Amino acid sequence: MAALVSWKTPKCCGSICKMNTTHSEQNRDDIDGVYAWIIALASFFGHLLIYGIVYCSGVFYEMFRETFEGSSSMLSLIAILSTAFTYGFSPIPGVLINKYGQRIVTITGGVVAGTGLLLSSYATNVYYIAVTFGVITGMGFGTCYLAILSIVSLHFKKYRIVAFGLSTSGAGLGTFVYPPIIRFLVNIYGVRGTMLIISGITLNLCVCGSLMRAPRITSQGSELRTRPTQNKKSECLSLWNLHIFKNVGFIILCFNNLFALFGLNIVLVHLTAYSVTININKDMAAMLISVFGISLCIGQLSFGVIGKVRCGPVIIYSASYILSGLVVILMTVVQDFISLAILSAALGFLSASISPLLPEIITLFLSVELLPSAFGYLLAFEAVGSLLGPPTAGWLLDVLHLYWPCFYLAGSAISLSGIIMLIPYFIRRSAVTSADVEVIDAHETDTKDEPLCLDNKYS
């Protein structure tokens, strides 16, 4: 059982065999270097541009309610479609990254996302905006997101969690600055003009992508520039890497993300509208998302540091989501802006753990080389949760005409996502023996110069 959920990172996982792993890692002179931090900064702005829209689905939901006719469940679905496609489209970019690298994939995604927002400026009905804003823009963001995230893991080793905290904090900053900007633009230029301006801003993803390149690898005194996916071990390479679903810890992580995004997106979509129902004006209601965003930014930077403490990233990650669910349930008790703002800040800070800690947890279950593929599949589960959550809450609202059941459902799902992550942690703690450790250590010593492919030992 210890081997079933082993957190030891194998020399090779799956069909990507790491030939000469030790040699290549020692000679990557970009790792934790100056250019690595430039990559982290480019990823920061990429997260800002993507999540400024993705996490502001509640603002767009309220904007669509003012502009188009439709039920709460229908408009909730449209508002969250871009988020769902951002996550759900990610397995395909995972394959593209393996083939073409992060730079080309990010630039392509930026063009697609900008085009979707441009076309949204011509929307005349809910079905048109669902395709342009939901599908096309979401596909563009999904193409970029996996690339700007996975590139950071390739450039960092010692400071990986800190770098992820820095780069993903752009999501929080974007969530902070976009709501007031969107409301300001809508008041002056209307929905069409706002979509057009945001389209131009989003094209800056292409600038972020142009800075992204794979680490330089020095071999026998010569410098080689290679993509991490230009793998000479073609006989061991599988672009899809479906074998990662043999890993029990990874499967649990997938359902953790499904439940977390199910609940979190209910809050992000419906918090603004809920605030209006308790007599908070629309501009102040939109500010609640900004409060969530700035707290998210602070939390992402903080978890990038505290994720290295002794208890480990999984316990911190699990506890943060259990507490996040309780915070969401408390939102149904308060009836004023200050209290909601405090709870929004608490939710933003606690839920921030997913960004800096999740890539590190994936590498604990699998390996750095499998991060693009693993994250792609993981984001597909996030897409399912994102797509199911807000429409379900919208349906409850249409039927019951009450918001508290929606927030109770959201909080319960988020807390459940944290609880299930304790399963692989405690199984490992109860099953690992000193004999197991000795066997693992001996195995690593004997095979340090040999490739090792994933089998059931690491699944």
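Biologist: Which helices each supply at least two residues of the lining of the largest cavity?

Modeller: Helix H14 (354–365) and helix H15 (371–400) do. Helices here are DSSP runs (H or I, at least four residues), numbered from the N terminus. H14 gives the most, with 3 residues. This is a predicted model, where local features need pLDDT of at least 70, side-chain atom pairs count only at pLDDT 80 or more, and totals for chains, interfaces and linings use all residues. Residues are numbered from 1 along each chain as its sequence is written, and side-chain values use heavy atoms, leaving out hydrogens and water.

Biologist: What makes a space a cavity?

Modeller: On a 1 Å grid over the protein atoms alone, a cavity is a set of points where a 1.4 Å probe fits but cannot get out. Lining residues have an atom within 4 Å of a point. By this rule there are 4 cavities of 30 Å³ or more.

Biologist: How many residues of each class are in the lining of the largest cavity?

Modeller: The lining has 8 nonpolar, 1 polar and 1 charged residues. Among them are Tyr51, Phe375, Ser355 and Glu382. Tyr and Phe count as nonpolar, and Glu counts as charged.

Biologist: How do you know that Cys206 is in no disulfide?

Modeller: A disulfide needs a pair of cysteine sulfur atoms within 2.5 Å. A search of the whole structure finds 0 disulfides. For Cys206, the nearest cysteine sulfur, that of Cys144, is 7.2 Å away. Cys208 is in no disulfide either; the nearest cysteine sulfur, again that of Cys144, is 8.8 Å away.

Biologist: Why is Cys206 called buried?

Modeller: Buried means under 20% relative accessible area, with a 1.4 Å probe and protein chains only. Cys206 has 18%, so Cys206 is buried. Cys208 is at 8%, so Cys208 counts as buried too.

Biologist: Why does Ser351 count as buried?

Modeller: Ser351 is at 3% relative accessibility, so the buried label applies. Ser351 sits in helix H13 (residues 337–351). The Ser351 side chain reaches the backbone oxygen of Leu347 at 2.7 Å.

Biologist: What does Val267 touch, not counting residues up to four places away in sequence?

Modeller: Contact means heavy atoms within 4.5 Å. Val267 touches Val328, Met331, Leu347, Phe407 and Ala410. Val267 and Leu347 are 80 residues apart along the chain, and their C-alpha atoms are separated by 9.8 Å. Val267 lies in helix H10 (residues 248–277). At 2% relative accessibility, Val267 counts as buried.

Methods:
On a 1 Å grid over the protein atoms alone, a cavity is a set of points where a 1.4 Å probe fits but cannot get out, and a pocket is an open set with protein on both sides within 12 Å along at least five of seven lines; lining residues have an atom within 4 Å of a point. Grid points are joined across faces, edges and corners, and a volume is the space filled by probe spheres set on the points. Buried means under 20% relative accessible area, exposed over 50%, partly exposed in between (1.4 Å probe, protein chains only). A polar contact is a pair of N or O atoms within 3.5 Å; within protein, one must be able to donate a hydrogen and the other to accept it, and residues adjacent in sequence count only if both atoms are side-chain atoms.
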